[in-house]
Amino acid sequence: MTPKALPPALRYDGVSEAYMKLTFRGAAGEVTGSMHQLEVDGKQYLLDCGLAQGRRKEADRKNRHLPVNAASISAVLLSHAHIDHSGNLPTLVKNGFSGPIYTTPATIDLCDAMLRDTAHIQEKDAEFVNKRVEKRRREGHANGPEPVEPLFTMEDAERTLPLFRPVGYCTPTVLDPHLSYECYDAGHILGSSSLLVNYHNNGAHVRLAYSGDLGRPNLPITRPPEALPPAQYLIMESTYGGRFHKSAEHVTAKLRDVVNRTCARGGRIIVPAFAVGRTQQLVLLLHELANAGRIPSIPIFVDSPLAIDVTAVFRKHAECFNAETRQYLLDGEDPFGFGRLQYVREAGESKKLNDLHGPFIVISASGMCEQGRILHHLRNNLADPRNTVLITGFQAQDTLGRKLVEKMREVRVFGEPITVRAEISSLDELSGHADQGELMAWLKTQAEHLKQIFLVHGEPAQSQALADVIRSQYGVEVAIPSPGQSFWLRNI
Ligand SMILES: [Zn+2]
């Protein structure tokens, strides 16, 4: 429901009123496709422009049909590089957006690698489908699927990249005479940020905070999330709003045990991991375990061209590391490279891994097992009980990764059924998202100033659990918006 437009200079009892209109366009009632629209002084802004993921057809429909008029958007404020936050920017550009995209320098470098990679996947997927369509037609089938166009092309991605504008943490960026914003370290992935949007008019102020994706203290590489200055409104993620993680401190011991157990069986360890963040964390932890002689001397492969490019970006942005990882560098160690580790770029080399004997570890993308080389490794290794699939991150509903976590006995890979006999293990401790306790701790300094919190980026049960605990502990009004729902944010 869209509220009626307000006149531009409303006054209550002599106090000027300022307001912004906030409309939830994505990640409302679900985790992926982050996109929030802000209207201020007749201009439109987007906070994030991510890809929807999950059920293929539905996600494709959402990604192709943008819920906003792209040409009318003045600027995008991007929280971080993950594809569910940045991945639909080329579609926005394809549909007429030509304004600036503000974000941190590390996020810009990550997006360069990731948007090109996504464009490449979109082009390849469309080519694959179209070849099958063509073949059916040649075989004389009159009815069948229609040819498809890629969601966006490399050209669209390359037209997007020059629109990025770097912003430093804690430095105000002026968007319009009455509007500015600042970003703060969200501790989620390299370059990730929480945002604070400031609107002031006639002495009246409206401040809207957006958590972005919030990280956690004690994670490898990243710093803990920073507290934000006071705001009246907050859009907050709730991925794990109803859960408590195990402490990140136990992660090394758990990883050591999984590696040792699988090696004792003579099996392989297949690790689906997000190319950004999770892969580099795992490499760092394996590096430490190998240095300490706590895991056997087995080969470790990072089999993902994107992860290789992204690791190069990590090396370039040591300014984003926590103190421990910076010390590693100062000690002359490369946190992301060591003797037993090989980065695999070429597809031919990736295929050869299947013929390799003896235990080894392969870290590959995509993290939710939806596409990429990990699918080949799963197809070749899921049915062998000696092997382990080590899940290392959040798995959205209806993804292959989620089916594995839920211990389904049979799954489909490339359309073929496979009986799952490999051990399925989860390294939840590495989650890049704050749990309920960590979200509440981050919120503590904000809570007394807030008029309303909007919970996004969560499955309904998780958002609801967080809403309940926020209301009872902090007494703040909480909404769980649905897609398309609008709110007026006022200073009064
Ligand atoms: Zn994220």
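The legends below describe close-up views of a predicted model. Local features need pLDDT of at least 70 and side-chain atom pairs count only at pLDDT 80 or more, while totals for chains, interfaces and linings use all residues. Residues are numbered from 1 along each chain as its sequence is written, and side-chain values use heavy atoms, with hydrogens and water left out.

View 1. Helices (H or I, at least four residues) and strands (E, at least two) are DSSP runs numbered from the N terminus. H188 has a relative accessibility of 5% and therefore counts as buried (buried is under 20% relative accessible area, exposed over 50%, partly exposed in between; 1.4 Å probe, protein chains only). Its side chain makes polar contacts with the side chains of H82 at 3.1 Å and D213 at 3.4 Å. A polar contact is a pair of N or O atoms within 3.5 Å; within protein, one must be able to donate a hydrogen and the other to accept it, and residues adjacent in sequence count only if both atoms are side-chain atoms. Beyond its neighbours within four places in sequence, H188 is in contact (heavy atoms within 4.5 Å) with residues including H80, T222, G432 and H433.

**View 2. T399 in the loop between β18 (388-391) and α12 (400-405).** T399 is buried, with a relative accessible area of 1%. A polar atom of its side chain lies 2.6 Å from the backbone oxygen of A396. With neighbours within four places in sequence left aside, T399 is in contact with M368 and E370.

**View 3. Salt bridge between E423 and R261.** A salt bridge is a side-chain nitrogen of Lys or Arg within 4 Å of a carboxyl oxygen of Asp or Glu. In this pair the N to O distance is 2.5 Å. The bridge links distant parts of the chain, 162 residues apart: E423 is in strand β21 (residues 423-426) and R261 in helix α6 (residues 251-265). E423 is buried at 19% relative accessible area, whereas R261 is partly exposed at 37%.

**View 4. Salt bridge between E127 and K124 within helix α4 (residues 105-138).** The closest N and O atoms are 3.9 Å apart. The two residues are three positions apart, about one turn of the helix. E127 is partly exposed at 39% relative accessibility, and K124 is partly exposed at 43%.

**View 5. Salt bridge between R137 and E146.** The side chains meet at 3.7 Å, N to O. R137 is partly exposed at 41% relative accessibility, while E146 is exposed at 54%.
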